[in-house]
Amino acid sequence: MHRSLTVALTVRALEPEDLPDLHWSGGSAHLRALAEAWQRTLEGEVGLLCLQASNGRLVAVGAVDLVKEPDTGELWMLSVHEAWQSLGVGTLLVEALEDVARRAGRTAVQLTVEDDNPRARALYERLGYTAVGRRAESWPLDDGSTYRTMTTVLRRPL
């Protein structure tokens, strides 16, 4: 027997008081990066969204940088709680961030995906993103070291 369950999710701006609820999203270094991104929302440089379940828990978070590339929104820091993956939450998050970029007058969006994350890349390609290049990236880890990786840049017109 196949049954379905409909769950209401609210897409909204992330607020500083939400940060403790995102402990699952990548550790303290990621939470610091989200706090820094939130500061940039005050200047209109970044759109920072979360998806909230009806019980108040956050199930996804992501940002769009509106100044990194001319006419392009750069999606980054995308994270979906492990228990909510493969349920359409990532699609909803990406579409909401694309709407932020569109309302800000951007004509395209892009993002990067790590080479060892074929599941995420398949999602982005299903959403119409195509590879346009490669990029070396790095970010700080909780232990003070730096994580380095190769990524593919994916782009889509709005």
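A residue is termed buried here when its relative accessible area is under 20%. By that criterion, in this predicted model, the buried residues of helix 1 are G27, A29, H30, L34, A37 and W38. The helix to which they belong comprises 15 residues, and the distance from its first C-alpha to its last is 21 Å, close to the 21 Å expected at 1.5 Å a residue.

The buried residues of helix 1 pack against strand 2, strand 3, strand 4 and strand 6. Helix 1 as a whole, spanning residues 27-41, packs on the sheet and touches those strands; its direction makes about 120° with that of strand 2.

The sheet itself is open and contains seven strands in the order 1-2-3-4-5-7-6, with mixed pairing. Its edges are formed by strand 1 (9-13) and strand 6 (130-140), each of which pairs on one side only. On average, neighbouring strands of this sheet are turned by 30° against each other, direction ignored.

Within the sheet, the pairing of strand 2 (residues 46-53) with strand 3 (residues 58-69) can be followed in detail. These two strands run antiparallel and are joined by seven bridges. At residue level, L51 has A60 in strand 3 as its bridge partner.

Helix 2 (residues 89-103) lies across strand 1, strand 2, strand 3, strand 4, strand 5 (108-114) and strand 7 (146-157). Its course is at about 30° to strand 3.

Methods:
Residues numbered from 1 in each chain as written. Predicted model: local features only at pLDDT ≥ 70, side-chain atom pairs only at ≥ 80, totals over all residues. Heavy atoms only, no water. Pairing = 2+ DSSP bridges. Helix = DSSP H or I, 4+ residues; strand = E, 2+ residues; numbered from the N terminus. Axes fitted to C-alpha atoms, helices over the stretch in contact; angles between N-to-C directions. Contact = heavy atoms within 4.5 Å. Expected span 1.5 Å × (residues − 1). Buried < 20%, exposed > 50% of the residue type's maximum accessible area, 1.4 Å probe, protein only.
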